[in-house]
Amino acid sequence: MTVSPKISVIVPIYGVEKYLCQCVDSILAQTLTDIEIILVDDGSKDRCPEIVDEYAKKDSRIVAVHQENGGYGRAVNHGIELAKGEYIGIVEPDDWIFPNMYETLYTDAKKYDVDVVKGTYNEFFDCESGEGYIQISSETENIQPLENPFTIYDYSMPLLNHASIWTGIYRLSFIKKNKIRVFEKNKGRYADQNWRYETLILADKIYWEDNPFYNYRLTNENASSFKKNNPDDVFDVYSSLDSFFVRYPERYKQVQDVYYYGLFRHLFWNLNRVESKYRLYLFKRMHIVFRKMDKSVVLKSNLFSPKEKITFQRLYRKTYLLEILSKSAVEWCFSMKNSDCRQYKVIKLFGVSFRFKKKKKRLKIKVI
């Protein structure tokens, strides 16, 4: 490896010993050999630390890093601090890549002299047989820039699809000049949003590579997208983006309706993701977010469908929150419904649930 490799590949690692070897082996198999591989062990409690050290002994291109558990964001940022490459890439430790990925992306980057190269990806599913299957993701199939390179102000579609920050490479001097870092709060959950927006909005030139080289595993149950008890994480990431846009008001105006639409969809995705007990709380937070948005931008936007505009207006108006609270208050005072097995009636009275079942003309009552 040269002193300044062409690409530094950062792998943030925590609790993935089941997948880690497949991931690292796929990076070592790259046809572009002038790379640096920074394996950041984020305080894993399984065998990942030993696996990292074993790989570092076998290949001089590997940099083994061990840190206290700080989350995805801190692990990636630590890798950026250590990186020496002309460009950097990120590979998540439960995913894997095709051998020609970084050679292709680097060739694109040099040919067009761009800050960012991004592209599409495959979805990978494990099977019980021990094998797996791949399908091209539909998340990015509608991204087809008319010409390359481009800026996000010429063509905004990459802001409206899956963040997929790991499909690309980023010029390291561009990242450091603009002080772009992965969001670290909540251990970096959903921080791909902040990275995606900041890199694409600040890049002078972007190239879109339409061939999928990255295989994104969707069957790791420990992934953050499967967690259902963290309703605030998405809001925290977008709060950081609000601070970012304050620093770049002119750029914000150019992507405002795109940003609003992405935010709108992500908040409703979050509403459907978390446990139902958080629904009322999330409606309150969404109402606050929508009230800060410029309503006229939403209503004029061609991105929002007529139904989405109606939904936005309902959550935007002050009285709608009161309607939700009133309905919830009534249900808290009194509600009656069948149990899941339909053998009982469940009555809720002032927050206390009772279960009723008729048997031999006697009414049995059990406090739940």
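**Close-up views of a cavity and salt bridges**

View 1. Searching the whole structure, a predicted model, gives one cavity of 30 Å³ or more. The largest cavity holds about 30 Å³ of space. Its lining is made up of Met101, Leu105, Gly119, Thr120, Thr167, Glu209, Asn211, Phe213 and Tyr214. By type, the lining residues of the largest cavity are four nonpolar, four polar and one charged.

**View 2. A buried salt bridge, aspartate 59 with arginine 61.** The structure has 13 salt bridges. In the one between aspartate 59 and arginine 61, the closest N and O atoms are 3.1 Å apart. Aspartate 59 and arginine 61 are both buried.

**View 3. The salt bridge of glutamate 86 and lysine 110.** Here the closest N and O atoms are 2.8 Å apart. The pair joins distant parts of the chain, 24 residues apart: glutamate 86 sits in the loop between α3 (72-82) and β4 (87-90), and lysine 110 in helix α4 (residues 101-112). Glutamate 86 has a relative accessible area of 29%, so it counts as partly exposed. Lysine 110 is also partly exposed, at 45% relative accessibility.

**View 4. The salt bridge of aspartate 115 and arginine 171.** These two side chains meet at 3.1 Å, N to O. Aspartate 115 is in the loop between α4 and β6 (116-119) and arginine 171 is in strand β9 (residues 169-171), so the pair ties together parts 56 residues apart in sequence. Aspartate 115 is buried because its relative accessibility is 10%, under the 20% limit. Arginine 171, with a relative accessible area of 16%, is buried too.

**View 5. A network of salt bridges.** Arg74, Glu81 and Glu184 are linked in this network.

How values were computed
Residues are numbered from 1 along each chain as its sequence is written. This is a predicted model: local features need pLDDT of at least 70, side-chain atom pairs count only at pLDDT 80 or more; totals for chains, interfaces and linings use all residues. Side-chain values use heavy atoms; hydrogens and water are left out. On a 1 Å grid over the protein atoms alone, a cavity is a set of points where a 1.4 Å probe fits but cannot get out, and a pocket is an open set with protein on both sides within 12 Å along at least five of seven lines; lining residues have an atom within 4 Å of a point. Grid points are joined across faces, edges and corners, and a volume is the space filled by probe spheres set on the points. Ala, Val, Leu, Ile, Met, Phe, Trp, Tyr, Cys and Pro count as nonpolar, Asp, Glu, Lys and Arg as charged, and the others, Gly among them, as polar. A salt bridge is a side-chain nitrogen of Lys or Arg within 4 Å of a carboxyl oxygen of Asp or Glu. Buried means under 20% relative accessible area, exposed over 50%, partly exposed in between (1.4 Å probe, protein chains only). Helices (H or I, at least four residues) and strands (E, at least two) are DSSP runs, numbered from the N terminus.
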